[in-house]
Amino acid sequence: MNSPDILFEKLWTHYADVNPQAGAIHRALQERGESVVNDHVAFRTFDFPHTCIEVFARPFIECGYRFHHEDYQFKEKKLFARHLMHSDPHYPKVFISQLKHGQCSPRLQSCIEELAGQVPENFMQNYSFLTSGAVWKPVAFKKYQDLLRESEYAAWMAAFGFRVNHFTVSFNHLKTFKDLSEFNQFIESLGYPLNASGGKVKGTSQTLLEQSSTLAYPAKVSFADGVYDIPGCYYEFARRYPTPDGELFQGFVPVSADKLFESTNNPDLQM
Ligand code: NI
């Protein structure tokens, strides 16, 4: 069995490269004397047989990960998600969502089919796909804007493809913050705005999971007709509470996740 360490190191480097705020926040936490542990790492994909969650998850299964029994539906955003966990709880959970293309408009469907049609059949057999980005011919910027109007998720995928969407700091492993609100103030004091959709803290101690996130950092993307700055990846923060049996809750809360998907939605940068 492969060790997930090398894989996560590669994923972090690739992610921090497009999202320098993550590296800066990570360093600021270390300077405070904190050591950062990841709660989960999230990916996005399309629901075709050669790109779906089950195929996407293979490198993690080979590293000792197993699917958690729960799955998640996001009706309005037309998304479906599952997550995987490692037997060693030190390793982050892996959250993978996919766009249910069949539920999208015919126009969006044909665009997504065109993108996914350019992904080779066995593309996901090699680990390197996890850092491959947009493997299709770049779309025109106008097409990206067109996608945005129906599905911000589809537009993000068209521009960024297969890569980490966000890493998530485990609040439970931090020692110098009273609560997630105080932590959020620290992030804002560093100059990074937070996603306020649904409030800065999503979830409560009753839902057993509180989450917050930065707004996606602008990234330069080469479109068919030029380079544009658009929202890239974001950094997330999660605080988990114990279930009645005393163990920390290990699932996700769909109402909160629904809002967190919007961390890559920054209208100022997209138009
Ligand atoms: Ni997340």
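Q: Arginine 240: buried or exposed?
A: Buried. Arginine 240 has a relative accessible area of 4%. Note that this is a predicted model.

Q: Which residue forms a salt bridge with arginine 240?
A: Aspartate 39 does. The closest N and O atoms of that pair are 2.6 Å apart.

Q: Where in the chain do aspartate 39 and arginine 240 sit?
A: In distant parts. Aspartate 39 is in strand β1, residues 38–46, and arginine 240 is in strand β9, residues 234–240. The two are 201 residues apart.

Q: And aspartate 39, buried or exposed?
A: Buried, at a relative accessible area of 6%. Under 20% counts as buried, so both aspartate 39 and arginine 240 fall in that class.

Q: Which residues are linked with Asp39 in a network of salt bridges?
A: Lys93 and Arg240.

Q: How many salt bridges does the structure hold?
A: The total is 10.

Q: Give me another. What does arginine 82 pair with in a salt bridge?
A: Glutamate 54, with the closest N and O atoms 2.7 Å apart. Arginine 82 is in strand β3 (residues 79–86) and glutamate 54 is in helix α3 (residues 53–56), so this bridge ties together parts 28 residues apart in sequence.

Q: What is the relative accessible area of glutamate 54?
A: It is 36%, so glutamate 54 is partly exposed.

Q: Staying with β3: how many of its residues are buried?
A: Seven of the eight, so β3 is largely enclosed by the rest of the structure.

Q: In what sense do β2 and β3 pair?
A: Antiparallel, over seven bridges. Strand β2 covers residues 65–74. Phenylalanine 67 stands opposite leucine 84, which is in β3.

Q: How many residues lie between the strands in the hairpin of β2 and β3?
A: Four. Lysine 78 in that hairpin takes a positive phi near 60 degrees.

Q: How many bridges join β3 to strand β4?
A: Six, and the two strands run antiparallel. β4 spans residues 93–99. A hairpin of six residues connects β3 and β4. Phenylalanine 80 stands opposite glutamine 98 in β4.

Q: Back to phi. What about leucine 208?
A: Leucine 208 has a positive phi of about 70 degrees, though it is not a glycine. Leucine 208 is in the loop between α8 (180–189) and β6 (209–213).

Q: Is leucine 208 buried or exposed?
A: Buried. Its relative accessible area is 19%, and the cut-off for buried is under 20%.

Q: Helices now. At what angle do α1 and α2 pack?
A: About 110 degrees, with the axes 5 Å apart. That makes α1 roughly perpendicular to α2. Helix α1 runs over residues 4–18 and helix α2 over residues 20–31.

Q: Which residues in α1 and α2 meet?
A: From α1, Trp12, Tyr15, Ala16, Asp17 and Val18. From α2, Pro20, Ala22, Gly23 and His26.

Q: What about α5 and α6, how do their axes cross?
A: At roughly 125 degrees, coming within 11 Å. The two helices are therefore oblique to each other. Their crossing is left-handed.

Q: Which residues of α5 and α6 meet there?
A: Arg107, Leu108 and Cys111 in α5 meet a set in α6: Lys143, Asp146, Leu147 and Glu150.

Q: What do the side chains of arginine 107 and aspartate 146 meet in?
A: A salt bridge, 2.5 Å from N to O. Arginine 107 is in helix α5 (residues 106–116) and aspartate 146 in helix α6 (residues 141–150), so the bridge ties parts 39 residues apart in sequence.

Q: Arginine 107: buried or exposed?
A: Exposed, at a relative accessible area of 59%. Aspartate 146 is partly exposed, at 22%.

Q: Last one. Where is valine 221 found?
A: In strand β7, residues 218–223. Valine 221 is buried, with a relative accessible area of 8%.

Q: What is valine 221 in contact with, leaving aside neighbours within four places in sequence?
A: Ala159, Phe160, Gly226, Val227, Tyr228 and Ile230. The C-alpha atoms of valine 221 and alanine 159 are separated by 6.9 Å, and these residues are 62 residues apart along the chain.

Definitions and conventions
Residues are numbered from 1 along each chain as its sequence is written. This is a predicted model: local features need pLDDT of at least 70, side-chain atom pairs count only at pLDDT 80 or more; totals for chains, interfaces and linings use all residues. Side-chain values use heavy atoms; hydrogens and water are left out. A salt bridge is a side-chain nitrogen of Lys or Arg within 4 Å of a carboxyl oxygen of Asp or Glu. Buried means under 20% relative accessible area, exposed over 50%, partly exposed in between (1.4 Å probe, protein chains only). Two strands pair if DSSP finds at least two bridges between them. Axes are lines fitted to C-alpha atoms, for helices over the stretch in contact, and angles run from 0 to 180 degrees between N-to-C directions. Angles under 35 degrees count as roughly parallel, over 145 as roughly antiparallel, 65 to 115 as roughly perpendicular and the rest as oblique. A crossing is left-handed if the near helix is turned anticlockwise from the far one by less than a right angle, and right-handed if clockwise. Contact means heavy atoms within 4.5 Å.
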